[in-house]
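Trainee: Could we go through this structure together? I would like to begin with single residues and then turn to the packing.

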Amino acid sequence: MADRSLPTDERIKKKEIEELFRRLDANKDGVLDADELRQGLQSLGHKTDAARISRLLGKADSDGNEQVDIREFFNYVSEHEKKLWLTFKDVDKNNDGFIDEEELKKCFQELGMKLTPGEAKKLMSTMDTDGKIEINFAEWRQFLLLNPDENLKAIVKYWRHSLGIDIGDNVIVPDDFSDEEKVTGMWWRQLVAGAAAGAVSRTCTAPLDRLKILLQVEGARQNLNIITGFKKMVTEGGARSLWRGNGVNVIKIAPESAIKFFAYEKLKKLVADDQGHLSVYQRLLAGSSAGVIAQVSIYPMEVLKTRLALASTGQFNGLADAAVKIVRQEGAVGMYRGITPSLLGIIPYAGIDLTVYETLKQRWLASHDGETHPGTTVLLGCGAVSSTCGQLASYPLALVRTRLQAVDKAMATSEGLPTTMGGVFSQIIKQEGPRGLYRGLAPNFMKVLPAVSISYAVYEKCRELLGVS
């Protein structure tokens, strides 16, 4: 049997351990507590749920005082890297000292976990610091040293989900879940965590969202800006009116997420190859198509949100009353006004958002030698920028959609307003110029950063409370 002990020349140097300890010891008191471990792991781009921090502290803290001194840290690193060496050798089938893409895919297959070629390349890039499209033990150890998992299946699951931070209001491509996650119920817990994060985030930024809708529809006619728009809302309905329309915006999260998830699972099987693998483009196609299906299914709620946001006090007596009045006055077609530009906007948003996010992340990795994964702050920044770029590209379509949603049959007849996508585009260009296509953009951008930060914080807390590991 081949010797599987850790070779001396592969062991981490004492100086490297000391440097890592100093990076984690934020208050420089010579010991690491749970908060410092959490902050340190977060800065290195690792998951920081309470269960993981507790397990790491439990493994490193030999005397049970809930702190880790330099001696205990040395012992933990020395023992843990031996176990990481064994898992590395389990994946390195040809024993050449490197893990390549084929070995990685074979490892996932043996563990009963699907891995597409695109995902394999993405995973390799998180550890591969020298750009050789293969992983050596030093890269394997650097990425996993502070992950307390010891068995190979737990490690690869952690590795796979370390990439899964979804940022922004519009998640075009849903999460992939392994067969084990579907059986154990982890998939629905993550969906619930995402829905809760979306609900809190949307509620906190609802005043900006309503202001955006007001500026999109009435900004030109009433010469409104951010300040006068806020004054108009508060004067007309009080501070409470700033959240008008938010209820339906929150309610639609659950059905939209569920429809998108189940549609995505079905569509993946249709576009995958014979081995069930998906390329990046096939995954984007399946995700965008699932987004279209979900959007058509819940679109009446989008119309209700816009009508409620623009309604004056007392115009509608709640969500049900608004729905009944729209159908009674305009028929069922009234609940689908503006759906064409809404669906057309999905593709540019999805493509640009995903492309910019991956490009920014890879450039950060390329410019930071020795770093294997961006920290949470970097990922949030990449997400905010990519979401902004996606919104810039699709915003004119979103504005036209909102104006079509806002125009009821009586208003269109009495004021001679256009009721088609082309008609609205022509009217905006003629009366307001190209800048008119971006009316309301400022409050839309103002809500991006708080929405991203709130959504991420709530998502991580809900994952922790629901026991998602």
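Trainee: Is Lys28 buried or exposed?

Mentor: This is a predicted model. In it, Lys28 has a relative accessibility of 59% and therefore counts as exposed, since the cut-off for that class is over 50%.

Trainee: Where does Lys28 lie?

Mentor: Lys28 sits in the loop that runs between helix H1 (14-24) and strand S1 (31-32). Its phi is near 55 degrees, which is a positive value in a residue other than glycine.

Trainee: And what about the phi of Glu66?

Mentor: Glu66 is not a glycine, yet its phi is positive, at about 60 degrees. Glu66 belongs to the loop between helix H3 (50-60) and strand S2 (68-69). With a relative accessible area of 57%, Glu66 is exposed.

Trainee: Stepping back, how many helices and strands does the chain have?

Mentor: There are 23 helices and 2 strands in the chain. The chain has 469 residues, of which 49% count as buried.

Trainee: What share of the contacts joins residues at least 24 apart?

Mentor: That share is 70%, taken among contacts in the chain between residues at least 6 apart in sequence.

Trainee: Now the packing. At what angle do H1 and H4 pack?

Mentor: H1 and H4 pack at about 120 degrees, and their axes are 10 Å apart. The two helices are therefore oblique to each other. H1 passes H4 in a right-handed crossing.

Trainee: Which residues meet there, on H1 and on H4?

Mentor: From H1, Lys14, Ile17, Glu18, Leu20, Phe21 and Leu24 take part, and they meet Ile70, Phe73, Phe74 and Val77 of H4. By class, the contact of H1 with H4 has 8 nonpolar residues, no polar ones and 2 charged.

Trainee: How do H4 and H7 cross?

Mentor: The axes of helix H4 (residues 70-91) and helix H7 (residues 137-144) come within 10 Å and cross at roughly 125 degrees. H4 and H7 are therefore oblique to each other, and H4 passes H7 in a right-handed crossing.

Trainee: Which residues make that contact?

Mentor: H4 contributes His80, Glu81, Leu84, Trp85, Thr87, Phe88 and Val91, while H7 contributes Phe137, Trp140, Arg141 and Leu144. The residues of this contact of H4 with H7 divide into 7 nonpolar, 2 polar and 2 charged.

Trainee: What about H11 and H12, and why would they be called roughly perpendicular?

Mentor: Helix H11 (residues 206-222) and helix H12 (residues 226-237) pack at an angle of about 105 degrees, with axes 9 Å apart. H11 and H12 are therefore roughly perpendicular to each other, because that class covers angles from 65 to 115 degrees.

Trainee: Which residues of H11 and H12 meet?

Mentor: On H11 they are Pro207, Leu208, Arg210, Leu211, Leu214, Glu218 and Gln222, and on H12 they are Ile226, Gly229, Phe230, Lys232 and Met233. The contact of H11 with H12 divides into 7 nonpolar, 2 polar and 3 charged residues.

Trainee: A change of topic: how many disulfides does the structure hold?

Mentor: The structure holds 0 disulfides. As for two of its cysteines, Cys204 counts as partly exposed at 45% relative accessibility, whereas Cys462 counts as buried at 17%.

Trainee: Is Arg403 buried or exposed?

Mentor: Arg403 is buried, with a relative accessible area of 10%. Arg403 is placed in helix H19 (residues 376-406).

Trainee: What is Arg403 in contact with?

Mentor: Leaving aside neighbours within four places in sequence, Arg403 is in contact with Gln216, Val217, Val424, Gln427, Ile428, Glu432 and Arg439.

Trainee: Last one: how far apart are Gly247 and Ala206?

Mentor: In sequence, Gly247 and Ala206 are 41 residues apart; in space, they are 9.7 Å apart, C-alpha to C-alpha. Gly247 is found in helix H13 (residues 246-251), and it is partly exposed, with a relative accessible area of 43%.

Conventions
Residues numbered from 1 in each chain as written. Predicted model: local features only at pLDDT ≥ 70, side-chain atom pairs only at ≥ 80, totals over all residues. Heavy atoms only, no water. Axes fitted to C-alpha atoms, helices over the stretch in contact; angles between N-to-C directions. Helix = DSSP H or I, 4+ residues; strand = E, 2+ residues; numbered from the N terminus. Parallel < 35°, antiparallel > 145°, perpendicular 65-115°, else oblique. Left-handed = near helix turned anticlockwise from the far one by under 90°. Contact = heavy atoms within 4.5 Å. Nonpolar A, V, L, I, M, F, W, Y, C, P; charged D, E, K, R; others polar. Disulfide = S-S within 2.5 Å. Buried < 20%, exposed > 50% of the residue type's maximum accessible area, 1.4 Å probe, protein only.
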